[in-house]
Amino acid sequence: QVQLVESGGGLVQPGGSLRLSCAVSGRAFSMSGVAWYRQSPGNQRELVAARTSGGASRYLDSVRDRFTIYLDSAQKTAYLQMTNLKPEDAAGYLCHAGVRRHADRPSANYWGQGTQVTVSS
């Protein structure tokens, strides 16, 4: 069974950095079309960063130039490198990706279990 396993969240001081990972667990042929969302209490889920299967990336305005989304296709792992973190970045972060289990099968969408990011001094 395929799952997306997230890691890398934690507590960091303002101005610090974290790298979130989202790895495919289970047998899979490829991973593509990845995205990171976040949600904090009382707020709607928002798209933080996305990377298309063609390699184009887009970012939430408030994180552009601080966050970078990238994909290690060989390792079937997506990352969100976060720098200069601010208290308003604190949230639960979830990854979403298209995973193809076999070369001759279409891609299916999966969600990670979420990882918490806390930014506080």
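Strand 9 and strand 11 (residues 115-119) run antiparallel and are joined by three bridges; strands here are DSSP runs of E with at least two residues, numbered from the N terminus, and two strands pair if DSSP finds at least two bridges between them. The model is predicted, so that local features need pLDDT of at least 70 and side-chain atom pairs count only at pLDDT 80 or more, whereas totals for chains, interfaces and linings use all residues. Residues are numbered from 1 along each chain as its sequence is written, and side-chain values use heavy atoms, with hydrogens and water left out.

Strand 9 is mostly covered, nine of its ten residues being buried, where buried means under 20% relative accessible area, exposed over 50% and partly exposed in between (1.4 Å probe, protein chains only).

Valine 99 belongs to strand 9, which spans residues 91-100. The relative accessible area of valine 99 is 0%, so this residue is buried. Beyond its neighbours within four places in sequence, valine 99 is in contact with Val2, Leu4, Val24, Ala28, Ser30, Pro106, Ser107, Ala108 and Tyr110 (contact means heavy atoms within 4.5 Å). Serine 30 is 69 residues from valine 99 in sequence, but the two C-alpha atoms are 5.8 Å apart in space.

The largest nonpolar core has 30 residues, of which Leu4, Met31, Trp36, Phe67, Leu80, Met82 and Tyr93 touch the most other members. A nonpolar core is a set of buried Ala, Val, Leu, Ile, Met, Phe, Trp, Tyr and Cys residues joined through side-chain atoms within 4.5 Å. Two or more residues of this core come from each of strand 3, strand 4, strand 5 (46-51), strand 7, strand 8 (77-82), strand 9 and strand 11. Strand 9 gives the most, with five residues. When residues up to four places away in sequence are not counted, tyrosine 93 touches Glu6, Leu20, Trp36, Tyr37, Arg38, Val48, Phe67, Leu80, Met82, Gly114, Thr115 and Val117.

An open sheet of four strands shows antiparallel pairing in the order 1-3-8-7. Its edge strands, each pairing on one side only, are strand 1 (3-7) and strand 7 (67-72). From one strand to the next the twist averages 15 degrees; axes are lines fitted to C-alpha atoms, for helices over the stretch in contact, and angles run from 0 to 180 degrees between N-to-C directions. Five bridges pair strand 1 with strand 3 (residues 18-25) in the antiparallel sense, with glutamine 3 opposite serine 25. Strand 7 and strand 8 pair antiparallel over six bridges, and tyrosine 70 has tyrosine 79 as its bridge partner in strand 8. These two strands form a hairpin with four residues between them, and lysine 76 in the turn has a positive phi of about 50 degrees. The covered face of strand 7 consists of Phe67, Ile69 and Leu71, and the uncovered face of Thr68, Tyr70 and Asp72.

One disulfide is present, defined as a pair of cysteine sulfur atoms within 2.5 Å. It joins cysteine 22 to cysteine 95 with an S to S distance of 2.0 Å. Cysteine 22 lies in strand 3 and cysteine 95 in strand 9, so the link ties together parts 73 residues apart in sequence. The link is right-handed, with 60 degrees about the S-S bond, and both cysteine 22 and cysteine 95 are buried.

Four salt bridges are found in the whole structure, a salt bridge being a side-chain nitrogen of Lys or Arg within 4 Å of a carboxyl oxygen of Asp or Glu. Arginine 38 and aspartate 89 meet in one of these at 3.0 Å, N to O. Arginine 38 lies in strand 4 and aspartate 89 in the loop between strand 8 and strand 9, so this pair ties together parts 51 residues apart in sequence. Arginine 38 counts as buried at 5% relative accessibility, and aspartate 89 is buried at 1%. Aspartate 89 also forms a salt bridge with arginine 66, the closest N and O atoms being 2.7 Å apart. Salt bridges that share partners join Arg38, Glu46, Arg66 and Asp89 into one network.
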